[in-house]
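The sequence and the structure come first.

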Amino acid sequence: MIRVEIKPADLGESGWNAILPSRVATSALERDIECDYLVVGAGFAGLSAARRITQLEPGASIAILEAQQVASGPAGRNSGFMIDLPHALATGRYGGENSQDLRNIRMNRAAIAFAAECAQSFGFLDEAFDPCGKINAAASQVGLEHNTSYARHLEALDEPFEMLDAVAMQGICGSDYYHGGLKTPGTAIIQPALYIRSLADALVEQAGCQLFENSALLELSRKGEHWLAATATGSVTSQRVILAVNGLIETFGFYRHRLMHINLYASMTRELSREEIDQLGGDARWGFTPSDPIGSTVRRIDGSGGTRLVIRNRCTYEPHLSLPADRLQPIADDHARTFYRRFPMLKQVEMEYCWSGRLCLSRNDVWALGELEPGLYSACCQNGLGTTRGTIAGIIAAEMACNSSDRSLVPDYVPETLPQRLFPEPFMTLGARSLIKLKEWRAGKEL
Ligand SMILES: Cc1cc2nc3c(=O)[nH]c(=O)nc-3n(C[C@H](O)[C@H](O)[C@H](O)COP(=O)(O)OP(=O)(O)OC[C@H]3O[C@@H](n4cnc5c(N)ncnc54)[C@H](O)[C@@H]3O)c2cc1C
């Protein structure tokens, strides 16, 4: 019997979810049901897995258990960059070995194509999924050098890009903070909470899946050929179960001492007035990732929640998967400082939301993906690109669970080794925290 240890939720309300119209959650599981496939977790991995099963086995009965309301977890808390290019956070570099990078690019693009297909066939709003590319913004000489070396790497990969100077950057974002940018066309930018809500609702309304929100899986046990999954108020009996809970897979007792749990933090401004929009200038929507991976991600959004700016920076290593409640305020203050440095013309604009969210890395940048026990699959540990890699993990785990030989969506996927073991404590935590501090300090104006 597997007993799941429940961890506190992420801190703060995600602005992405808060600016959307309120949504009525599906009911919690309050009875005993049976199904062909059970998916645990309604993030990128879980919902992509459910979608893939509907494609491979139309008519199969699929239940999804989600501990919180859909889009309240990390899937609705991220910065929304579905990035096609290499982005290895654990190593702090954007590029690696060429052949491996080309394979990763093809896999990431397969995930983006899968998301695009979902958006198109289920009729998502344009705001939910926008294949508009992104800009790696440089705010210092060091940032420019990062971009130049990244550009050389992209040239070697035969990947298109465009270099932007400070004037072009100001034309886009309205601020003279940036010295240059590197624009690449393959990234899709999503409104993460809207994308996740839209996919979850479409799977229920258009594809016949059963979704139970506020229904944390608490116990999992074998019952003959089946798995019996128990929540506080009901149970699901299913032959095949996919665990799509990212780093929380450790709370199920799997991959212990192999996963690194990182928290990221973001803030969103209140809606800008017409006058403030004019003061800012620039384009209506844009997305900047930092030239130094530890730096600040900044977006301007312009949709149903009005015109707002969103900033993400700071990260912390949290081996116990929980955060002290007072962690958010100093980080919110940092966000405000880094924001006003970039946009002094908006100094009267307050941040309305600040939140944290977990992500999961492995030292060797591999997934925790595969069959754990007969009929029980993991689609976890997405590393730095959780939106794309979570989508891929879901697709692959679904294909494994369906025992399908159809690998046409992500033909480049090859099974990987296990996530490497972490260093013993306290060295692991001390080392990871010191490294983050050093990188944040070195990031200078990029932060
Ligand atoms: C501030 C921030 C910015 C980020 N920016 C980006 C970005 O721009 N691009 C990018 O690619 N990634 C980004 N990420 C990372 C990305 O959000 C995650 O990697 C991604 O959400 C992982 O997807 P997932 O489906 O594997 O897991 P999750 O999104 O974590 O979904 C797992 C779900 O499982 C549920 N769950 C857990 N335990 C149980 C249980 N016992 N029973 C039932 N349900 C359970 C959780 O509630 C959760 O909803 C960012 C993250 C943060 C926090």
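A polar contact is a pair of N or O atoms within 3.5 Å. The model discussed here is a predicted one.

**Ligand site**

| Residue | Backbone atom | Ligand atom | Distance |
|---|---|---|---|
| Ala45 | N or O | oxygen | 2.9 Å |
| Ala75 | N or O | oxygen | 3.1 Å |
| Phe81 | polar atom | nitrogen | 2.9 Å |

On its own the ligand has 1,000 Å² of accessible area, and the protein covers 96% of that. Two or more residues of the shell around the ligand come from each of helix H2 (44-56), strand S18 (351-361) and helix H9 (386-401). There are 33 residues around the ligand, and those that come nearest are Glu66, Phe81, Leu217, Gln382 and Thr387. Sorted by class, this shell holds 18 nonpolar, 12 polar and three charged residues.

**Helix packing**

How do H3 and H9 lie relative to each other? Helix H3 (residues 98-122) packs with H9 at an angle of about 80°, and their axes are 8 Å apart. Angles of 65 to 115 degrees count as roughly perpendicular, and H3 and H9 are therefore roughly perpendicular to each other. On the H3 side, the residues in this contact are Met107, Asn108, Ala111, Ile112 and Phe114; they meet Thr388, Arg389, Thr391, Ile392 and Ile395 of H9. By class, the contact of H3 with H9 has six nonpolar, three polar and one charged residues.

H3 also packs with H2, at an angle of about 70° and with the axes 12 Å apart. H2 and H3 are therefore roughly perpendicular to each other as well. From H2, Ser48, Arg51, Arg52 and Gln55 meet Phe114, Glu117, Cys118, Ser121 and Phe122 in H3. The classes in the contact of H2 with H3 are three nonpolar, three polar and three charged residues. Phe114 of H3 takes part in the contact with H9 and in the contact with H2.

**Backbone geometry**

Where does the chain have a cis peptide bond? The bond from Glu425 to Pro426 is cis, with omega near 5°. Pro426 belongs to the loop between H9 and helix H10 (427-443).

Ala71 is located in the loop between strand S3 (62-65) and strand S4 (81-82).

Terms used. Residues numbered from 1 in each chain as written. Predicted model: local features only at pLDDT ≥ 70, side-chain atom pairs only at ≥ 80, totals over all residues. Heavy atoms only, no water. Near = heavy atom within 4 Å. Polar contact = N/O pair within 3.5 Å; in protein donor to acceptor, adjacent residues only side chain to side chain. Areas by Shrake-Rupley, 256 points an atom, 1.4 Å probe, with all protein chains shown as cover. Helix = DSSP H or I, 4+ residues; strand = E, 2+ residues; numbered from the N terminus. Nonpolar A, V, L, I, M, F, W, Y, C, P; charged D, E, K, R; others polar. Axes fitted to C-alpha atoms, helices over the stretch in contact; angles between N-to-C directions. Parallel < 35°, antiparallel > 145°, perpendicular 65-115°, else oblique. Contact = heavy atoms within 4.5 Å.
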